[in-house]
Amino acid sequence: MGAPVIDLNSDLGEGFGRWSLGDDDALLDVVSSANVACGFHAGDPTVLRHVCERAAERGVAIGAQVGYRDLAGFGRRFIDVAPAELTNDVLYQIGALEAFARVAGTRVRYVKPHGALYNTIVHHEAQAAAVVDAVRRYDPALPVLGLPGSRFLALAEEAGLTTVAEAFADRGYTPEGTLVPRTEDGAVLHDADEVAERCLRMATRGEVEAVDGSVVDVRPASLCVHGDSPGAVAMAVRVREALEQAGVEISSFAGGTA
């Protein structure tokens, strides 16, 4: 049996105009997959092109980080979008990022919903189906990244898409395996050593401790290290070091050489 393999992904390209968020260049030296904003919740054309070019240079796989049309709320507010409109919004975002990926000499290799959309389609049947429909129509060969047990991944699998289960390095989990809402205590973890140990447990044992102390089965193929948290780069570096020291291979599920 070979060494465990895990992907490290992070949300990048989330600056806008004169406002910057996170250190994209530094994180691209750590992760193997980049979830790049597509302009709806964050990111402008200049930011998107820069991130795509740097990702291509480093062999990091580019994924479309699609979300609600919500710049003011950073895509973290639920919007009751009609399914047909949501499908078109997702198509638009993938296509926009694809343009910059192609100019950089690569392509969009997967799709990951962002923020409130990500959490909504864990249970919201209509919106989950709308996102699946957009990916299927754009390119049925594109994998989708999502929460294990979500309606999104279930519907994607039924539609013949490749599904990739992910877990979150620095987010708290409920006993049901969903993420603790950011408005509640324990939603975000800040101790780099604690986060690194949790990631190692998820990568090698497929489990994580929930906020109530129970053990949740996650079995991720990809771990998300957030790029907008305080000390994000140092935490991501610590996670990668801990995994590699334990013999875990870091490799994108979608290709790339990082």
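Predicted model: local features only at pLDDT ≥ 70, side-chain atom pairs only at ≥ 80, totals over all residues.
**View 1. Helix H3 packs against helix H5.** H3 covers residues 83–103 and H5 covers residues 125–138; their axes sit 8 Å apart, at an angle of about 40°. That angle makes H3 oblique to H5. If you're wondering about handedness, H3 passes H5 in a right-handed crossing. On the H3 side, look for Pro 83, Leu 86, Thr 87, Val 90, Leu 91, Ile 94, Gly 95 and Glu 98, which touch Ala 126, Gln 127, Ala 130, Val 131, Asp 133, Ala 134, Val 135 and Tyr 138 of H5. Sorted by class, this contact has eleven nonpolar, three polar and two charged residues.

**View 2. Helix H7 meets helix H8.** Here we've got H7 (residues 192–205) and H8 (residues 232–245), with axes that come within 9 Å and cross at roughly 45°. The two helices are therefore oblique to each other. H7 goes past H8 in a right-handed crossing. H7 brings Ala 192, Asp 193, Val 195, Ala 196, Cys 199, Leu 200 and Ala 203 to the contact, while H8 brings Met 235, Arg 238, Val 239, Ala 242 and Leu 243. Ten of these contact residues are nonpolar, none are polar and two are charged.

**View 3. A look into the largest cavity.** Searching the whole structure turns up one cavity of 30 Å³ or more. The largest cavity holds about 30 Å³ of space. Around it you'll find Pro 113, Tyr 118, Ile 121, Val 122, Leu 145, Gly 146, Leu 147, Ser 150 and Phe 152. So what classes of residue line this cavity? Seven are nonpolar, two are polar and none are charged.

Notes: Residues numbered from 1 in each chain as written. Heavy atoms only, no water. Axes fitted to C-alpha atoms, helices over the stretch in contact; angles between N-to-C directions. Helix = DSSP H or I, 4+ residues; strand = E, 2+ residues; numbered from the N terminus. Parallel < 35°, antiparallel > 145°, perpendicular 65-115°, else oblique. Left-handed = near helix turned anticlockwise from the far one by under 90°. Contact = heavy atoms within 4.5 Å. Nonpolar A, V, L, I, M, F, W, Y, C, P; charged D, E, K, R; others polar. 1 Å grid on protein atoms, 1.4 Å probe; cavity = no way out; pocket = protein on both sides within 12 Å on 5 of 7 lines; lining within 4 Å. Points joined across faces, edges and corners; volume = space filled by probe spheres on them.
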